[in-house]
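Have the viewer open and follow along.

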Amino acid sequence: MSKKTLKFTVNQLIINNLHFDLSTFSDLKDADTDTYKVVHKEKEEILTITRFTKAIEDERFITIYFNEGNKFPYTDKVIDSNLEEHDNPRSAEEIELDNQFFVLIDVKTQRIFMSDQRKKTSFISWLNEKMKKEIVIKSIISEKEFIQKIKSINKICFTVVPNLFNSPNEDILSNKLVQDIYGFGAEEGRIELSYTDARITAKIINKFNALIGQRYNFKEITVIGRSDEDFESIFNINGIISRINIDIDCSNETQLLDEKNVFAVLINKIKL
């Protein structure tokens, strides 16, 4: 067995602008299969298959596991570990369900944990369609609350582009760095400051507020810290992301994860 790290983003879940409980999800089936189909020349073709299962844990958590696969891309040849080429044992009409997506909903805290933040929009649409309710997923904390909740800083990154170097505010970048970036013809300059769990002090708070006050002079600002709940919180110009990481055993042969184990480890970490 090998280990794989899953990075769950943590957000607030709002359903119909009301406080939800386990019964809110009663209309969501315990298991089902969805397909994405196209029709051409009067023939129906399935391009994507998605299976999902729902379960209730500890009378507090809703687990939703997605197992998905796509018909394409497909190749009729494969290469094995000995670098020998063979015919693909999977036919062009078969679909492997090799894409995993894990969602955990905590009724007690009204929070949602997702293993892939990129799927947030599609998950909202899916849940809205299944439950026929208004679904909103948003950051747990506001920009103002971010610096108040984190107890340590791990990293600060900021990026500027040449047209921002002419800013009258000399605190953005030193003249020497500006000259170097211009000299090399760089399209942007990025500075990354790393810390070993630097504790939050009044000085750091003042520096953070000063940095945010200059946000429009930057292409990117990212601040990574750890909250009192031991969540990794990420601030950037586009919003705030809280994250919790877990290490999971996975099959050496398939690299797929056992969904029951994933949710068990995640729930135990949340309840600590």
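Predicted model: local features only at pLDDT ≥ 70, side-chain atom pairs only at ≥ 80, totals over all residues.

Let's begin with helix 4, which takes in residues 202-213, 12 residues in total. From first C-alpha to last it reaches 16 Å, close to the 16 Å you'd expect at 1.5 Å a residue.

Which residues of helix 4 are buried? They are Phe-208, Leu-211 and Ile-212. These cover an arc of only 95° around the axis, so they sit on the same side of helix 4.

Next up is strand 13, residues 232-236. Here 5 of the 5 residues are buried, so the strand is largely enclosed by the rest of the structure. Glu-232, Ile-234 and Asn-236 point one way, Ser-233 and Phe-235 point the other way, and all are buried.

As for pairing, strand 13 goes with strand 12 (residues 220-227) in the antiparallel sense, over 5 bridges.

## Arg-60, a buried loop arginine

Arg-60 belongs to the loop between strand 3 (43-57) and strand 4 (61-70). Is Arg-60 buried or exposed? With a relative accessible area of 17%, Arg-60 counts as buried, because the cut-off for that label is under 20%.

The side chain of Arg-60 has a partner in the side chain of Asp-106, with a polar contact of 2.7 Å between the two. Setting aside residues up to four places away in sequence, Arg-60 touches Leu-22, Ile-105, Asp-106, Val-107, Lys-108, Thr-109, Ile-270 and Lys-271.

## Thr-24, another loop residue

Thr-24 lies in the loop between strand 1 (2-15) and strand 2 (31-40). This residue is buried too, at a relative accessible area of 16%.

What does the side chain of Thr-24 reach at 3.0 Å? It's the backbone nitrogen of Asp-21. Beyond the neighbours within four places in sequence, Thr-24 is in contact with Ile-15, Met-131 and Lys-133.

Conventions. Residues numbered from 1 in each chain as written. Heavy atoms only, no water. Helix = DSSP H or I, 4+ residues; strand = E, 2+ residues; numbered from the N terminus. Expected span 1.5 Å × (residues − 1). Buried < 20%, exposed > 50% of the residue type's maximum accessible area, 1.4 Å probe, protein only. Arc of directions from axis to C-beta. Polar contact = N/O pair within 3.5 Å; in protein donor to acceptor, adjacent residues only side chain to side chain. Contact = heavy atoms within 4.5 Å. Pairing = 2+ DSSP bridges.
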